[in-house]
Every structure is written in structure tokens, then in C-alpha cells.
Amino acid sequence: MNFSYSKKVIDLQERIQSFMEEYIYPNEHLFEQQLNEQETRWSHVPPIIEELKEKARSTGLWNLFLPNSEYGAGLTNVEYAPLCEIMGRSLIAPEVFNCNAPDTGNMEVLERYGTEEQKQQWLKPLLAGEIRSCFSMTEPEVASADATNICSTIEKDGNDYIINGRKWWSSGAGDPRCKMAIVMGKSNPDSPKHEQQSMIIVPLGTPGVKIERMLPVFGYDHAPHGHAEITFDSVRVPASNMILGEGKGFAIAQGRLGPGRIHHCMRLIGAAERALELLCKRVQDREAFGKTLSQQGVIKEWIADSRIEIEQARLLTLKAAYMMDTVGNKEAKSEIAIIKVVAPKMALQVLDRAIQAFGGAGVSDDFPLAAQWANARTLRIADGPDEVHRAQIAKLELKRHKNTFAQEGK
Ligand SMILES: Cc1cc2nc3c(=O)[nH]c(=O)nc-3n(C[C@H](O)[C@H](O)[C@H](O)COP(=O)(O)OP(=O)(O)OC[C@H]3O[C@@H](n4cnc5c(N)ncnc54)[C@H](O)[C@@H]3O)c2cc1C
């Protein structure tokens, strides 16, 4: 693996870094202020977001994800990693570059598996940043870490499908621009276990779709994006909304979640870098008990450990990206599972140290640390809990050494 970035990537890195300095960091508080000035935090998208999207788009900093596709910027996963990392430094940045979850994952699904009609109707406006989307798989009634449990139904009725079920944690559904959901449900209950589920496109305005409530994350509402509990009550959509075919839900989920997971890890590295940077600046400014905080041995240890852990996580993430580029997402599943365990844990540790070094300020909204910590904590659960990824890593490891000593006669 080559550790140096190409000229194209270095150029993009510099341009994104400048964009962050000039437009993103100075507008983080304005975003919250505009959100609070509205009738409700869900009624409109803060105007600053659309203004910044326009700037990013016009300078070509747009749709940088989507490897090997005519629609994206033509970057590989390894090339995208350092760029996505910079975007992760701010919670408002990914959308500005049209590189935010869950839209990126949904765009990848439509790009890879969608029909021409589905691409025209949904992929095009998503790529243009005109609409938003959500992904509705998780259900309150069942342990959704095991996706074979998903029990919403998708039943054929003439030229339509009828959908019934209750979903929650559909991220992005609170956004007034969110126009469609990719819904996972059971269409073929008699098929083999991994061929019972399908994914289907449901326009959010369809009769029978109801947003029941928005779920907070440690008190953060993440408006206007948010996380919704949604009921689907006899929702009728045309059969042409089915993605790839009945029973293909699991296959699509495997394809969708790989890139989505690594993008989260890339962003978490950026969040940790920013936290470490803030920590270092703060501890050199403030004095306690006759010396600066940076002169305390324990704080030097926090800084050193944070640097070590960030570098380890970055190298593992780049390795996973490299494997995805060279042998494919499926073959890279062990590496993807490894970073999905490592990156949130690392980011939480670094953020926690930064919060501690900031004292009371660390848990306030004056700095991005508390909000970033809350976000990072969800990523030990979302897109597969740690334990499920560990089980996957162990399964592959055991398979690799499947001959026991007894079998070898030792
Ligand atoms: C902020 C946030 C955003 C999300 N966004 C989306 C979204 O956009 N769309 C969507 O569909 N879902 C989304 N999710 C849901 C998320 O993917 C699920 O919460 C996750 O898959 C776990 O499912 P569950 O909540 O049903 O937990 P369960 O399946 O009930 O699991 C609970 C716990 O059981 C343990 N466990 C599970 N399996 C094993 C195992 N094999 N070994 C040992 N322990 C195990 C783990 O500790 C796990 O955390 C989001 C969640 C959060 C918090």
C-alpha cells in the first residue's frame, strides 16, 4: 500500500481545509441560531446550509464519495478517506459537500442497484442536493442488530406493493426536504432466511406514512435532520419501486453498509483530530496551581495517547479503504468490521480527554466537543453494534484456523 496521497488528493485536501476555515467553522453557531429563530426547529433548514452548499458545489467540492462511478468525483475509497476525515471535523460540514449519511448510502444503492427510472426520479435530485432521503430498517419491536428479524411486511397486490410496519431511528426523516425512504421489509417469508427481505422506495408523502415522533440522542435533537419513528399503515407504492428484486434486501444491505461504515470512521478521525487540536490550544492558554495545564504530566500523557490512537485508527481505516478498492467490499468485510469497532472507541476516548481538559466548558455547547461525543457514542450502536462486528471478526478468524490441534493429531 502506498502511503502518499496523489497530487489530486492533496489539492482537494487543501481546498476543503480552506473551505472549512473560511465558511464552516465560523458558521457553526449561526446554524444553531438560525434553527432556533424558526417557528420550530423542524420547520425549515437554516438558510446558511443552502448558501454553503451552493459555494461548495460551484467550486467542485461536491459528491466526492461514490467510488468507481460516473456520478461522483471519480475518487477511490483511499482517496476519499482524507477528505471525508476533514469533513468530519464539523457536524454541519458533510451535508455542505453533499457527502452526508444516510443520503450517501442511499445514493450508492440507487446508483448500483436502481433502475433507470429510479435513478432519474430519486438519484438525480439527491446528487444535486435538492432533496434528502432516509433509510428505514430498524424496528422498535425486534432486535434489529440481526437484520433477519426485521418484520415489516411488503406484500404484492396487483401492480403495487403494500407496506405495513413500524420503524425507528430513520435518520434524516425530520428534514422538510426529505422526500423518500428506502424501506426494508419482509416480502418472501417462505424463502431462505437471507432472501426474505426486500428494499423498496417509499415517497414520504404517500398516504399511510406517518412520522410519529423524533428521537433525541442524549438530548440532542439533530434538527432539522433528526431521527424518526415512522409508521407505515397499508402504504401502497408501484411495483416499479422495488429495488433490485424481491428478496434482495439482505444483499443490498451488505453492499450499502460497507461504504457507510467506513465513511463514519473517516469522519470520526476528523472529529478526534479537531478535539486534540482544541485540547492542545486550551491547555497551553490556561494556568492552574502555578503552571499551564500543558505542563502537567497527566495532560502530556493524554496528548501522546490521543496522537497514538488517532494514527492507529487512521492506518486501519486506510487499510480497509485499500481493501475495498482492490478486492471489493465483500472481501474487505473483516477490515471494515475492525475499523467500525476501533474508530468510535478511539474518538470517544480522545473527545473525553478533551472534554476533561476543557473543564466545564467541555460539556457546554460553546465548543463542539460535547455534541461530537454524543454523536460518536451512537456509532458504537448504529450501523451494527460493536459486539456484532466483534462476532464477525472472530468468526472469520476462527475460519482461518479451522483445523484444531485434535484434528492435526497434536
Ligand atoms: C443515532 C442513530 C442513528 C441511526 N440511524 C439509523 C437509520 O438511519 N436507519 C436505520 O434503519 N437504523 C438506524 N439506527 C439504528 C441502529 O442501526 C440500530 O440501533 C442497531 O442496528 C442496533 O439495533 P437495535 O437498536 O434494535 O439493538 P438490538 O438489536 O436490540 O441490540 C441491543 C444490543 O444487544 C447487543 N447485541 C446484539 N447482537 C449481539 C451479538 N451478536 N453479540 C453480543 N451482543 C449483541 C449489543 O450490545 C446491542 O447494542 C440508528 C441508531 C442510532 C442510535
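**The ligand and its shell**

Modeller: Domain 2 (132-246) and domain 3 (250-400) each supply residues to the shell around the ligand, so the ligand lies between them. The domain bounds come from an automatic or database domain assignment. This is a predicted model: local features need pLDDT of at least 70, side-chain atom pairs count only at pLDDT 80 or more, and totals for chains, interfaces and linings use all residues. Residues are numbered from 1 along each chain as its sequence is written, and side-chain values use heavy atoms, with hydrogens and water left out.

Colleague: Which residues are the closest to the ligand?

Modeller: Phe135, Met137, Thr138, Trp169 and Ser171 are the closest of 19 surrounding residues. A residue is near a molecule if one of its heavy atoms lies within 4 Å of it.

Colleague: How much of the ligand does the protein cover?

Modeller: The protein covers 68% of the 980 Å² of accessible area that the ligand has on its own. Such areas come from the Shrake-Rupley method with a 1.4 Å probe.

Colleague: Why is Pro189 called exposed?

Modeller: Pro189 has 52% relative accessibility. Exposed means over 50% (1.4 Å probe, protein chains only), so Pro189 counts as exposed. Pro189 sits in the loop between β4 (178-186) and β5 (197-203).

Technical notes
Helices (H or I, at least four residues) and strands (E, at least two) are DSSP runs, numbered from the N terminus. Buried means under 20% relative accessible area, exposed over 50%, partly exposed in between (1.4 Å probe, protein chains only).
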